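The following exercises are to be worked through with the sequence and the structure at hand. Each task is followed by a solution in steps.

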Amino acid sequence: MPVYKDEERKSWYFKVRYKDMYGRNQQKMKRGFKKRGDAILAEAEFLASLKEAFSEDVTLDQVFEHNIKHKRLKDKTVRRRTNEYNLHIKPRIGHIKVKDINIQQVLDFKTHLENSFQSLNSARTVYSNFKVLINHSVKFFGLRLDPTLVVDPIQRVKPKINFIKRDEFERKVKDFDINHYKELTRLLFYTGLRVGEALALTWKDIDLVKNQLYVSKTLDILTRVPTSPKTAGSEGFVPFPNFIADMLKEIKKESAQKIYGFNDNLYVFGGLTPYHYSHYHKKFKEIFPKLRIHDLRHSYATYLINNGVDIYLVKELMRHDDIKQTANTYGHLYTERKQEVMSVFG
């Protein structure tokens with residue numbers, strides 16, 4: 001394209017029309033060149049780097065849209081990240097061009113998160129997802145300087161593990177008086193399953209001969225549609241004790257009598273369709289007001305550890321991807337048993 005002379009300013013400028021990576025028409029114009037040759041050179045450099053030109057104007061909002069669109073994420077992950085972005089990131093810095101985000105703004109945003117959340121781990125999650133967007137800008141939009149590199153991350157805080165002891169659990173779980181909520185709750189306590197994994201179970205996942213079940217999916221609690229497990233390591237066999245096997249046999253017998261055309265493709269908890277998570281959660285809180293449903297998973301791990309189960313076996317039973325995850329979450333329980341270990345020298 002030709003360059004132009006600005007007669008009024010006695011200088012030269014170039015003007016380029018192009019399409020950005022979304023196919024939208026854009027225009028780039030730059031003025032103030034003293035010589036025509038300087039304008040031609042600048043235009044040539046711009047055209048040569050046109051693949052990165054979109055980064056000149058792209059905002060963090062646009063980077064987020066691109067990241068969500070091109071990442072292979074579960075629907076519930078997209079919902080969570082979108083809500084998180086709209087609540088905590090977009091109002092403060094979503095409108096800013098990525099190339100204009102500086103170190104001071106990153107520091108201010110980090111401080112804001114640390115002061116806004118009761119849990120530093122929650123603040124850390126939001127900040128980590130903000131860094132994901134900056135990295136995405138470097139990879140896809142030609143961002144040259146990452147302003148987060150010189151800013152220390154929000155420190156991870158070991159989460160407080162809330163759990164219930166077995167005898168107290170067994171006293172309270174009897175108070176369920178609807179559906180098979182008592183049985184579902186007992187299965188969670190004695191297998192460490194996540195609630196979505198338990199709700200997604202069908203009878204073909206249950207082996208009542210070997211006393212084990214197979215986790216291959218989890219239930220999206222909003223759509224009530226089974227999806228892939230939380231992580232790759234989440235898929236696998238989970239053993240259960242004999243009394244849980246007896247419990248499951250009773251449920252299966254009862255379901256076969258009540259449901260016409262009963263078969264192994266039906267849900268263990270719900271039959272033709274799985275139970276509604278929201279209703280189960282409501283009833284659970286009536287019985288265990290101080291617990292989250294997920295705390296039953298912590299209770300399972302805690303019970304194993306307090307009864308001498310090796311941490312590597314706990315890792316396998318919890319289906320963690322990495323032993324670090326198990327150690328970071330439950331390692332302090334082994335620390336508390338150091339003095340007991342000294343008995344081996346007696």
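## Exercise 1: The nonpolar cores

Task: Identify which members of the largest nonpolar core touch the most other members, and state which element supplies the largest share of this core.

Solution. The model is a predicted one.

Step 1. The largest nonpolar core has 39 residues, and those that touch the most other members are Leu187, Leu188, Leu193, Ile206, Leu213, Leu248 and Phe288.

Step 2. At least two residues of this core come from each of α6 (166-173), α7, α8, β5 (212-215), α9 (242-258) and α10. The largest share, six residues, is supplied by α7.

Step 3. Beyond its neighbours within four places in sequence, Ile206 is in contact with Leu201, Gln212, Leu213, Phe240, Leu248 and Val268.

## Exercise 2: The chain as a whole

Task: Determine whether the chain is more spread out or less spread out than a compact globule.

Solution. 

Step 1. The chain contains 14 helices and eight strands.

Step 2. For 346 residues the globule rule gives 20 Å, whereas the radius of gyration of the chain is 28 Å; this is well over the value of the rule, so the chain is more spread out than a compact globule.

Step 3. The span of the C-alpha trace along its principal axes is about 90 × 60 × 35 Å.

Step 4. Of the 346 residues, 42% count as buried.

Step 5. Among the contacts in the chain with a separation of 6 or more, 60% are accounted for by residues 24 or more positions apart.

## Exercise 3: Helix α2 and its partner α3

Task: Classify the packing of α2 and α3 from the angle between them, and list which residues of α2 are buried.

Solution. 

Step 1. Helix α2 (residues 60-70) packs with helix α3 (residues 75-93) at an angle of about 170°, and their axes are 11 Å apart.

Step 2. An angle over 145 degrees counts as roughly antiparallel; α2 and α3 are therefore roughly antiparallel to each other.

Step 3. On the side of α2, the contact is made by Leu60, Asp61, Phe64, Asn67 and Ile68. On the side of α3, it is made by Val78, Arg81, Thr82, Tyr85, Ile89, Lys90 and Ile93. By class, the contact of α2 with α3 has seven nonpolar, two polar and three charged residues.

Step 4. Helix α2 is mostly covered, with eight of its 11 residues buried. The buried residues of α2 are Leu60, Asp61, Gln62, Val63, Phe64, His66, Asn67 and Ile68. What covers them includes α3 and α5.

## Exercise 4: Two further helix pairs

Solution. 

Step 1. The axes of α3 and helix α5 (residues 120-140) cross at roughly 80° and come within 10 Å.

Step 2. The contact involves Arg80, Arg81, Glu84, Tyr85, His88, Ile89 and Ile93 of α3, together with Thr125, Val126, Asn129, Phe130, Val132 and Leu133 of α5. The residues of this contact divide into seven nonpolar, three polar and three charged.

Step 3. Helix α7 (residues 181-191) and helix α10 (residues 277-287) pack at about 80°, their axes being 11 Å apart.

Step 4. Tyr181, Leu184, Thr185 and Leu188 of α7 meet His279, Tyr280, Lys283 and Phe284 of α10. By class, this contact has five nonpolar, two polar and one charged residues.

Conventions. Residues numbered from 1 in each chain as written. Predicted model: local features only at pLDDT ≥ 70, side-chain atom pairs only at ≥ 80, totals over all residues. Heavy atoms only, no water. Axes fitted to C-alpha atoms, helices over the stretch in contact; angles between N-to-C directions. Helix = DSSP H or I, 4+ residues; strand = E, 2+ residues; numbered from the N terminus. Parallel < 35°, antiparallel > 145°, perpendicular 65-115°, else oblique. Contact = heavy atoms within 4.5 Å. Nonpolar A, V, L, I, M, F, W, Y, C, P; charged D, E, K, R; others polar. Core = buried A, V, L, I, M, F, W, Y, C linked by side-chain atoms within 4.5 Å. Buried < 20%, exposed > 50% of the residue type's maximum accessible area, 1.4 Å probe, protein only. Rg over C-alpha atoms; globule rule 2.2 N^0.38 Å.
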